[in-house]
Amino acid sequence: MINMFWPYISEKVSDAVVEVLKTRWIGQGPKVEEAERKFKKILNVPFPVTVNSCTSALHLALIMSGVGKDDEVITTPMTCSATNIPILYCGGKAVFADIKKDTMNIDPSSIREKITDRTKAILVVHWAGYPCDMDEILAIARERNISVIEDAAHALGAKYKGRPVGSLGDFTCFSFQAIKQITSGDGGLLTVLNKENYDRAKLLRWYGIDRAFQGDIYWKYQIKEVGYKYHMNDIAAAMLIVQLDDLAKILKRRKEIADKYHEGLKGIDGLRLLSRSKEKESGNWLFTVQARDRKGFTKKLLDNGVESHMVHVRCDIYPIFGGKRLDLPVMNEVEPGYVSIPLHNKLTDEDVDKVIKTIKSGW
Ligand SMILES: Cc1ncc(COP(=O)(O)O)c(C=O)c1O
């Protein structure tokens with residue numbers, strides 16, 4: 001079977017983890033700090049704060065955007081429920097904007113239509129790793145003086161007009177969950193743009209505890225804002241440190257596979273590829289297509305030993321978000337046909353050729 005996903009675990013991971021296990025620090029310690037320094041250097045992001053998941057990063061970003069009871073957050077339906085559930089943690093309301101057919105990313109013109117005086121933040125997802133229209137989105141947020149939060153769970157290593165994702169919006173949230181480009185089993189990263197939010201994020205990820213050495217033998221503690229237990233531990237950090245060394249190689253191979261799919265799958269009747277532009281570099285986490293007769297497409301691939309899947313289901317449909325919105329014409333149009341095909345670092349060129357050949361033979 002050619003699988004959809006396969007975790008990338010570098011050969012150096014076991015030694016790195018064992019080294020931590022032999023030390024006194026297996027909780028948050030020096031490896032977490034080392035990982036953060038490395039993220040700053042490799043991703044070229046200003047203020048990285050590691051956490052225990054992307055969901056936690058999103059929750060902290062929403063808190064720091066001032067989202068509270070009955071506040072609105074404009075977001076996309078085309079994502080994992082994990083993007084939007086943290087809005088509910090804050091007592092806020094997810095207001096769903098429509099997506100663009102050619103990228104499946106949120107449509108800035110729909111964001112404009114949905115903004116009200118209660119909107120506190122715009123939450124965007126770089127679908128499959130391909131950056132959203134950030135100039136337009138940032139301009140809308142600036143006009144209204146509200147935050148932009150980027151869910152970059154798919155988009156590690158992506159770039160927008162040469163700038164790294166993680167240095168654009170006020171808050172960017174990455175995931176190192178099992179099947180992301182690099183993983184620590186579970187883990188996340190929140191990047192912010194200024195020192196004030198950086199200091200606050202570091203407090204909020206650990207109960208809000210501000211700890212200073214008093215000068216004698218005791219620590220002095222202070223808690224001024226309720227925080228959470230969202231920090232990363234040194235075991236996870238050690239996994240990320242060694243895998244960050246491979247990030248460029250991982251992304252290069254993922255791009256090679258995506259390029260091969262783009263080339264091999266163009267012009268097929270009943271199949272639409274998502275568009276790409278030179279000014280946006282994808283993290284290539286997924287390769288999504290829009291297929292006529294999706295069920296038939298998936299069955300044909302499965303019969304030939306290839307997995308394919310929707311991966312995420314539009315999340316406005318869930319009762320917790322209020323049920324399916326009818327005012328999202330593009331989402332409604334895309335819904336029956338989108339599906340992703342295998343993309344991970346264990347795929348061989350032969351695997352990719354087989355996927356292309358199977359699809360080309362029709363379904
Ligand atoms: C778009 C998106 N957002 C958020 C998440 C949640 O990430 P985590 O599991 O690190 O909390 C995921 C996980 O797959 C995701 O795909």
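The lining of the second largest pocket splits into seven nonpolar, four polar and five charged residues (nonpolar: Ala, Val, Leu, Ile, Met, Phe, Trp, Tyr, Cys and Pro; charged: Asp, Glu, Lys and Arg; polar: the others, Gly among them). This is a predicted model, where local features need pLDDT of at least 70 and side-chain atom pairs pLDDT 80 or more, while totals for chains, interfaces and linings use all residues. Residues are numbered from 1 along each chain as its sequence is written, and side-chain values use heavy atoms, leaving out hydrogens and water.

The second largest pocket has a volume of about 490 Å³. A pocket here is an open set of points on a 1 Å grid over the protein atoms alone, where a 1.4 Å probe fits, with protein on both sides within 12 Å along at least five of seven lines; lining residues have an atom within 4 Å of a point. Volume is the space filled by probe spheres set on the points, which are joined across faces, edges and corners. Of its 16 lining residues, Q28, E33, R205, W206 and R211 sit closest to the centre.

The largest pocket comes in at about 620 Å³. Its lining counts 36 residues, with K255, E281, S282, G283 and N284 nearest the centre.
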